[in-house]
Amino acid sequence: MSNELMESLARQAESGGALYDTRPVDDAVVAPARRRVRRARTMRAVGTVGVTALVLAGVTAAALQWDGGRHHVAPALPTQDATPALRADDLLHGMSTRVRGETSTAQAATVCYLADGKNPWVEDNYKVSTTVFDNCPAMWIGTSHLIELESTTVVVGGGGSIRVEYLVTNTSSDPLMIDPVGSTVALLTAPDAVVTLPSTADGQYVGTSLWQSDTTRSAEMGGDSGPIRLEPGAHYEGATTYTAQVLRGSDANDIAQRFSAGELDATVTVQLRIAPDGTPGTRELFLEASETLAASGTVTPSSWVFDGLEPRTPGETRDDAQAALDCRVGGDQNPRTQEPLDADTLGTSPTCDAVWIPGGKELRLSSLDFAVNGTSRTLEVSWTLENATAAALSLDRASTALLMETDPSTPAGESTWFQADTAGGVSGDTLWQSHTTRHGFLTNLTAADGQLMPGGTLEGTHTFEGYDAPPDGATYSVLIRVARDDDANGDRELLLEVPWEG
Amino acid sequence: MSRWSDTLDALMRERGRALYGYAFVLTGNAADADDLLQDALVRAFKRGKGPEDVTAAHAYVKRAIQTTFIDTHRRANVRPRRDSREADRVIADPTQASATRDALLEAVLSLPPRERTCLVMRYFDGLASPAIAAELGISPGTVRGYLASAVETLRRTHGDFGLDPTDALEGGDEHVVILTKGGTR
């Protein structure tokens, strides 16, 4: 029967191959897979930090460049190593309770216990990202450190952002199967204090401390994951940027200024996830390493264009002011000013403060036209901006974006999806991320050498994929960057937001 | 175009037929094979830089087909169903080779996902149980358990066609696997 079974299976494979030759497998399999990969990569970027690098979507061709996420890591490639790497299950022995303030030569850790079926890292193709915050027991493991944090730097950006870079070294004598992508880096001001709940943003903490009680610590689980093998003595590099928006929303909202003034030392704590053996189960292990140091860099005064901005909230309208977005991204996270990367076109969709610029409307959308291609299921939206003032406006005509909100009644922060592409198409149910913040758009493309004269117009087009018609009830607005005298400084950008009111 | 997209194109151009055939072996119908291959491609390419080249991508996607097939059924909460059929239902004359192959295939497709996957890896890929275990991230003992159960079901439903249960559990090539986890080989 073995031969018959083998022959039967081989014939079945050949039948499948014949089907492949005759069926439109590209349409049924490859094209949808490609769309899902793009969406997953987009959402991964969205889900990992306040500043978002974008994947191309649809017609736009560009490479993913991601520098704002949790860590720079190699993909989880298969290995053929002879020595088994230690996984979480190998380390969850001989643990002892760790008490706040206690010191030890053992490895500090946090162990989270989850109900069966509740581990957010269990693979699910249809679930892009779920994050669970928990209060988990603090533990000691073994008798010596397994990891150490080294070469940490904390740099305050001129716009009030904070950049943290570090190395995590495997100081044990065994290879470790670590998951840097699923880990968290915390920027703390009083790491031995007890707090009720630290401020968090995917993969980042900023706040006072991780201690929730004398024996429990905060930990974040879920989102992306990418286990890699870390050999003894080897290290991986991590970097993350806390944007000014993230910092302002934390319980350490003046942290950049205090670091800048030398009033505080920074403590960086990495909670390094150790990969489980097989499917994630009811326990998650995080090894912890910390370093306390003085931050460098200072917050610099901003351009006059940012003076006098007033907060804007969802649904608010004003005739005496221009809607805008104030994006404090940090120059190293701004595609226009960051170090050149290996891609022609880069885009990010950072979280920006929604603001008003008092003094009346500066721009208006004089036309918005749709063209649908039913075959390719693409929606092409063309727009025309017009200078509504009596003065010339200094604008960056290459730095524009079209925002499409398909269900604008969705409460802020509850959009079920989000997509952005490097060509400047940004869409979701709503693009309000909170009552005061919205998705913006920044690009490395720039053309700020001219002015838009009174009555002058500027035209643009964007194509959204996957639409047979303009979505019912959708709203649209165009973003355009304000060119400044200090354009070399990319810490902060002001984007005029011009809604379609037709 | 980004590198992962180029690799995906090259993979489907060079190996698409074989991968689709493999998905078809596991699922037994075109619609499910479509879905399985699509899911496997997403798993393989959605993170990081993606596979470096066609060979690596082939290995990734093939493994993703195996694990996705198991996981998809687990997500769908499909419990393994025991086959209660008896051998008297099967083809009486084993010399009717074509009919036997069809019946065998039907029986294979009636196996629970883990057993089916292990059986396909044993008799289509020609892997030994330790190699299957390494691919699927489970223990060799567990694989042997699945194989034993699968073989027992096939023998019960199709009679003894000279199947050697020992060969099923102990045979196969241990040197084919290129993916390992923790040195289980």
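Reader: Which residues is N387(A) in contact with, leaving aside its neighbours within four places in sequence?

Author: In this predicted model, N387(A) is in contact with L363(A), L393(A), L452(A), M453(A), P454(A), G455(A) and G456(A), leaving aside neighbours within four places in sequence. N387(A) counts as buried because it has 20 C-beta neighbours inside 10 Å. The cut-off for buried is 20 or more.

Take L363(A) from that list. L363(A) and N387(A) are 24 residues apart in sequence, yet 4.7 Å apart in space, C-alpha to C-alpha.

Now the strand. N387(A) has its place in strand β19 of chain A, which covers residues 378–387. Strand β19 belongs to an open sheet of three strands, in the order β18-β19-β25 of chain A. The pairing is antiparallel. The edges are β18 (363–373) and β25 (457–465) of chain A, and each of these pairs on one side only. Neighbouring strands of this sheet are turned by 20° against each other on average, direction ignored.

The pairing of β19(A) with β25(A) runs over nine bridges, in the antiparallel sense. One pair to find on screen: S382(A) has T461(A) as its bridge partner in β25(A).

Compare a second residue of chain A. W140(A) lies in strand β3, residues 131–141 of chain A. W140(A) counts as partly exposed because it has 18 C-beta neighbours inside 10 Å. Leaving aside neighbours within four places in sequence, its contacts are M95(A), S96(A), R98(A), S104(A), A106(A), Q107(A) and A108(A). W140(A) and L287(A) are 147 residues apart in sequence and 9.3 Å apart in space, C-alpha to C-alpha.

Strand β4 (residues 147–156) and strand β5 (residues 162–170) pair in the antiparallel sense over eight bridges. Opposite T153(A) stands E165(A) of β5(A).

Step back to the whole of chain A. The chain has five helices and 27 strands. Of its 502 residues, 48% count as buried. Take its contacts between residues at least 6 apart in sequence: 77% of them join residues at least 24 apart.

Chain B has eight helices and zero strands. Along the sequence its pattern reads α-α-α-α-α-α-α-α. Buried residues make up 46% of its 185 residues. Of contacts in chain B between residues at least 6 apart, 71% join residues at least 24 apart. Helix α5 of chain B, residues 113–123, is mostly covered, with 11 of its 11 residues buried. Those buried residues include R114(B), E115(B) and R116(B), along with L119(B) and V120(B).

In soluble globular proteins, nonpolar side chains tend to be buried together. The largest nonpolar core here has 58 residues, and A23(B), L37(B), L41(B), V61(B) and I65(B) touch the most other members. Helix α1 of chain B, residues 3–27, gives the largest share of this core, 11 residues. At least three residues of the core come from each of domain 1 (3–75) and domain 2 (87–170) of chain B. Look at I65(B): not counting residues up to four places away in sequence, I65(B) touches L19(B), Y22(B), A23(B), L26(B), L36(B), L37(B) and A40(B). Apart from this core lies another, of 56 residues, with W121(A), V156(A), I178(A) and V246(A) among them.

Last, confidence. Chain A has a mean pLDDT of 81, and 85% of its residues reach 70 or more. Where pLDDT is low, the predicted coordinates should not be read in detail.

Terms used: Residues numbered from 1 in each chain as written. Chains lettered and ligands numbered in written order. Predicted model: local features only at pLDDT ≥ 70, side-chain atom pairs only at ≥ 80, totals over all residues. Core = buried A, V, L, I, M, F, W, Y, C linked by C-beta atoms within 7 Å. Buried ≥ 20, exposed ≤ 12 C-beta atoms within 10 Å, placed from the backbone. Helix = DSSP H or I, 4+ residues; strand = E, 2+ residues; numbered from the N terminus. Domains from an automatic or database assignment. Contact = placed C-beta atoms within 7 Å. Pairing = 2+ DSSP bridges. Axes fitted to C-alpha atoms, helices over the stretch in contact; angles between N-to-C directions. pLDDT = per-residue confidence, 0-100.
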